[in-house]
Amino acid sequence: MNGPEPTERAVDVLVVGAGPAGLAAAARLAAAGAGRVEVLERDAAPGGLPRLCPGTGFGADARGRPLDGPGHARRAVGAAVRAGAALRTGVSATGWAAPLLLEVTAPTGPETVRARAVVLATGARERSRAARLLPGTRAEGVFTTGGLLRTLEVFGPRPERIGRRAVVLGDDPAARHAVRLLRGAGVAVAAVVCPGPRAAVGAVGAPVLAETAVTELTGRGRLASVVVRGPDGRSRTLACDTLVLTGDWVAEHDVARAAGLPLAPGGRGPVADGALRTTAPGVFAAGGLLGGGGPAVRAAAEGRAAAGAVLAFLAGRASGAAQGPPVVAAGALARVRPDLLGPEPGPLLVRAGRVLVRPVLTVAQDGRVLRRDRLPAALLPWRPLRLGPEWTRGADPDGGPVEVGADDGCGDGGRAETATDPAGGPVEAGAKG
Amino acid sequence: MTTTATALPATGTGTGTPPSAPARPGPPPTGPSRTAIPPSTPGPADAPSSTPVPAGVSSSGAGPVDASSSGTAPSRVRRVGAPSPGPARRTVGAEAGGSPRGGRGGRPVPGAVSRRGPLPAGAEAAYDVVVVGAGVVGCAVARALARHPLRVALVDAADDVGEGTSKANTAILHTGFDASPGTLEAGLVRTGHRLLTAYAAETGIPVEPVGALLVAWDEEQRAALPGLAAKAARNGHRATRLLGPDELRHREPRLGPGALGALSVPGESVICPWSTPLAYASQAVLNGTDLHLGCRVTSVGTPGPGAPHRLTTTRGTLTARHLVNACGLYADRFDALLGVADSTVTPRRGQLLVHGRAARDLVRHILLPVPGPLGKGVLVAPTVYGNVLVGPTAEDLDDRTATGTTADGLAGLRERGARIVPGLADEEVTAVYAGLRAATGREDYRCAAHPALRYVTVGGIRSTGLSASLALAEHVLGLLAECGLRAGPERPLAPVRMPDPRAARPDRDPARRAVVCHCEHVTRGALLAALASPVPPAGPGGLRRRTRAGAGDCQGTHCGAAVRALLEEHGKDGRR
Ligand SMILES: Cc1cc2nc3c(=O)[nH]c(=O)nc-3n(C[C@H](O)[C@H](O)[C@H](O)COP(=O)(O)OP(=O)(O)OC[C@H]3O[C@@H](n4cnc5c(N)ncnc54)[C@H](O)[C@@H]3O)c2cc1C
Ligand SMILES: Cc1cc2nc3c(=O)[nH]c(=O)nc-3n(C[C@H](O)[C@H](O)[C@H](O)COP(=O)(O)OP(=O)(O)OC[C@H]3O[C@@H](n4cnc5c(N)ncnc54)[C@H](O)[C@@H]3O)c2cc1C
C-alpha cells in the first residue's frame, strides 16, 4: 500500500465500536474525567445493532416506558455525547502500529491514534452460511439476522430482496427475533429449524422442527428450498426463498486478533479476566465481543464495568492486563466466563451444553472443591446463568485452573420439552438451592 | 468513460428467450452500447514499459488503460505505430449521434460490450472470428486475436466473463512440473506459466510466487518423490529439490505431525483467477473485440463451402467466417452443433473451502499431495488475498450444473485440512464453493482444427486452463491458421492495468474513500470504478470478484445490502 502518510493523533481512551457496550463505557469514562475519550464507529451512524432493531425489548427509559432498539441507541449516544465523549462515525480501526497505537481508516485519510487505554467493543455477528458449512448451492436469499436488518434498513420490506416465504435456522431467542422481524416485514415463516431442542425457541406461531439439521440449500439465482433431516433420520424439503441464520455468534475480533490476543474457544472473542482486561496491558473488552447473543443492557453494563477497570488502571490503582488463574468449563457446561478469574473473586457466567433438569454445580481448583451446590432451577443451554462472587471465594489467585462443572442431579440429560423460557436474560443464582 | 448508449429494448434478456430481433433490421439504432475512449494522455509513471515482454504478449510503450475506472482519472489508450485497421475492421459506424467510431490517429477503437437486447445486425454482425465461451481460455483467445486487424466477437451464455469453471478453481499458476511429459498440456502449461507470470506483472494481476511443497506423509509417498523429481526434469523443471523432514519443518513450521519429507517445486505460484480472464477480456474489448454476454449459441448453420457460419443465439444471429469453441464443460455439445463428435465431457467436481485471512500465517507454500494409487489428495494453499484454500475434491458426475457443495465433501475437507496443517482446525471457514473440471477421459487437452469447417475446438481443459491460457491462445491462433484464417499483420495491443483490490485507492473525494466492505477494506470509490470499467460486473458476484466486496469473513452480512444498492444505482446491467 502506498497511500498517504497516516496522521498521528493521541487521546486518553480510545473506544472501538459505538454499540451499547462502547457507548456505555465512553459515557462513564468521560463523566469520570478520563480526559479525551474518543469512540470510533465504522458504520455511518452510531448505536450498534440496536439501531437496526425495531420493536421493544431494550429496557425502559427513566419514566418506565419501554424502549425499542433505535430508542435505546439514541439514549446511549446522547448519554455518551453529553458526558463529553467524542464520537466519530465512518471511522474504523484496522490494526495496530504498536501496542496502544491503533491504525485507523477515516474518510479524511489514514491515522494512527495513540491512547493510554483502549476499550474494544466491536460486537459479534452470527456465523455465515459458509462458516456453518451449510452445503448446497450459493443461492441468494440467505441472510443472518444482522444481514436481514441491514437489508431492511437499505431497501425496506421489498419482497424481491427479503423474499416471501422464509425458513429460520437457530435454536435460541435470536430465532424468535428473526421470526418477529420477518413477520413485521410481511414475510411468511414456513418453519423454524432448530439444531437443538424446541424449547429453546418456544412458541413462535410457526412449525418448529427440533433436533433437525440443514443438509442442503437448493436453487439457482434465488433460494428455492432448504432440505432438512429430522431426529428420525428422514429428510424433508422446505420450499422457501429466504433462509435466516440466527444465533451461533462469533466475535468481530479482527482488531483484537491483530493485537495478537489469544481467543476464547467457541465465540472467539479475546480472552479476558473478571475485570474485563485482555492479556495486552491497557486493552480492555466488553459486550458482544466477549459473547454474542446477550441483551443490550448486559452489553452496556459490561461497558460500564470495563470503564471502571480503565479508570483504576489510569489512576495506577490496578494493572492493565488480565490476570488470575484460567477458568474452564467441565462436565455438562459448554462455556464459562470470564476466561481468567481476575485479581479477586468475581461473578461467573455459565452456559450449559444441554438441558440439565436438576443441575448440581461444582467449582474446584487444584483438586479442592470451592463450592458444590444444587441450583434451584433447570439449566438451559440458551439461557446463561450468572453465579455470584461467592462461588469462587477462596480461589487461589496463583493456583491452577478453576474448573466449573455441572452434572444433572436426576441423571436425565434428555430433553425438557416443557422448559420454555424465551427471555434469554441470565438468571441470578444467588439463592442457595 | 463516456457512453453513447441508446436505450436498449428489454427483449431477449438472458438465456432461453427467443431472439425477437428481425434478422436484418438494417443499421442498428438500438445496437449495444459502445465504449468511447477519451483522447490519449501520457501514461503514468508506473507504466510497465520496462517489464520484459515475452513472445506472444505484446505491449505498446503507451500508458495502460486502468481497467477499473473512469471515475477519477480518465482512462488512457495510446497506440504507437500501429497499422490502420484492415478492411475487415469497420472504422465507421452508425452510432446514435452519428459520430464516427473510426480509429483516427491509429488509436484502437474499443469494441462493444452488451448484455441484453438484440445483437448488432447486418455488417455489424459479420465477424471474421467468433469465439464462443468467455472463460479464461476464450478470453485469452480473443485477446490474442485482437492483435490482428480482424473483426472478432467473444460471446458467452452467462452475463459476465469467467462465470463458468474459470471462477471456481484453486487459483494456482502451475509450472507444469507434474504433467505427463510430451503431452500438449505439458508444453502449454510450461509456456503458459512463463507468459502469464510476465503478463501479470505487466497488467497488475495479483500473483505470488510462493513455491510448492509436495509433502510425503508415508513411506510409499516418500519413495515416490525422486520419481516425481525425474518427471519434473523431463518436463524441463530442474530446480526441484528433495527435502528431509527437518528442512521441511523448518520451511513449513505449522505442518502436521508425521510429514516424512517433501519435493520442493519453486515457481509454483498463486494468482488471482478472476482478474486474469477479466484482464484478457478488457484488453480484447479495448482493442476492438465485441463482447456479447447473455448470448447462448443454440445452433450453427453452415450454408455451404466458403460461406460464413450463421450462429443462432438467444439474442439474435451472428455470422462468423471462423469459429472457436471454448465452451469448457459444453465443448462436446457445441461440437455436436457442427456435427463433430470427438469426445464426451464428464464433469469432475472439485469442492473447496476458504479460511479467513487470520489463517494466512499458518501456511507458507502451496502444500501439494503426492499423487498415489488412491488418486490425488487435497492441497492446502494460500491465496493472493491472504486466505487459505483447502481442496479440491474429485467427484465424477453426470450433471454439468452441479456446482453445489455437499456435507460429506466439506466435512472431509475440514478433516484433511486439519491433518495437513492442524492450526486450520481452529480457523473459521470464510467461503465454500465447487467447480467442475471438463474431463474427457483422456489425460490431455483436446484441441482440434477442423479446416473443412473453419472451426477450432479447445476442449478438455480440465485442471490447468488458468495456467496454460496464454499459451493455449497462441496454439489456437496456429490452429486457426491451419483452418485458413489469414490474420493479417500484428500490431501491439493497447495495454491494460488491472486495479489491485489489495491496494489503497487514491481517491480524492472523501465520499469515495468511505469503506463499504469492512472485512476486505473495499471503498465506495473502488466499487464505483469497477462499475464503470470496460467490462463491468452484472451483479454482486461479479462485483465481488472484481473488488473483493463481500468476500471477507462476514460474507456480506454488513455490506451486502449497501453493495446491492450501489449496483442498482450505478450498474446499469452493462449499459454504461
Ligand atoms: C435481531 C436482533 C434482535 C435483538 N433484540 C434485542 C432485544 O430485543 N433486546 C436486547 O436487549 N438485545 C437485543 N439484541 C442484542 C443486542 O443487539 C446486543 O446485545 C448488543 O448490540 C451488543 O452490543 P455491543 O456494543 O457489544 O455490540 P454491537 O451492538 O454489535 O456494536 C458494535 C459496534 O462496533 C462497530 N465496530 C466493529 N468493528 C469496528 C472497527 N474495527 N472499527 C470501528 N467500529 C467497529 C460496529 O459497527 C458496531 O456498531 C438483538 C440482536 C439482534 C441481532
Ligand atoms: C476445482 C478446480 C480447480 C482447478 N484449479 C486450477 C488451478 O489451480 N490452476 C489452473 O491453471 N487451472 C485450474 N483448474 C482448471 C481451470 O479452472 C479450467 O481449466 C479453466 O477454467 C477452463 O476454462 P475454459 O475457458 O475452458 O472453461 P469455462 O471457464 O467453463 O468457460 C466456458 C464458457 O463457455 C460458455 N459456454 C458454453 N456453451 C456455450 C454456448 N453454447 N454459447 C455461449 N457460451 C457458452 C460458458 O458459459 C462458460 O462461460 C481447476 C478447475 C477446477 C474445477
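Visitor: In which sense do strand S2 and strand S3 of chain A pair, and over how many bridges?
Guide: In this predicted model, S2 (residues 13-16) and S3 (residues 37-41) of chain A pair in the parallel sense, over four bridges. Pairing requires at least two bridges found by DSSP, and strands are DSSP runs (E, at least two residues; helices are H or I, at least four) numbered from the N terminus. Local features need pLDDT of at least 70, side-chain atom pairs count only at pLDDT 80 or more, and totals for chains, interfaces and linings use all residues. Residues are numbered from 1 along each chain as written, chains are lettered from A and ligands numbered from 1 in the order written, and side-chain values use heavy atoms, without hydrogens and water.

Visitor: Which residue of S3(A) is the bridge partner of Val13(A)?
Guide: Val13(A) has Val37(A) as its bridge partner in S3(A).

Visitor: What is the strand order of the sheet in chain A?
Guide: The open sheet of chain A has five strands in the order S6-S3-S2-S10-S21, with parallel pairing. Its edge strands are S6 (86-89) and S21 (283-285) of chain A, each pairing on one side only.

Visitor: Turning to chain B, where is Glu185(B)?
Guide: Glu185(B) lies in helix H2 (residues 184-203) of chain B.

Visitor: Is Glu185(B) buried or exposed?
Guide: Glu185(B) counts as buried because its relative accessible area is 7%; buried means under 20%, exposed over 50% and partly exposed in between (1.4 Å probe, protein chains only).

Visitor: Which residues does Glu185(B) touch?
Guide: Leaving out residues up to four places away in sequence, Glu185(B) touches Glu443(B), Asp444(B), Tyr445(B), Arg462(B) and Thr464(B), where contact means heavy atoms within 4.5 Å.
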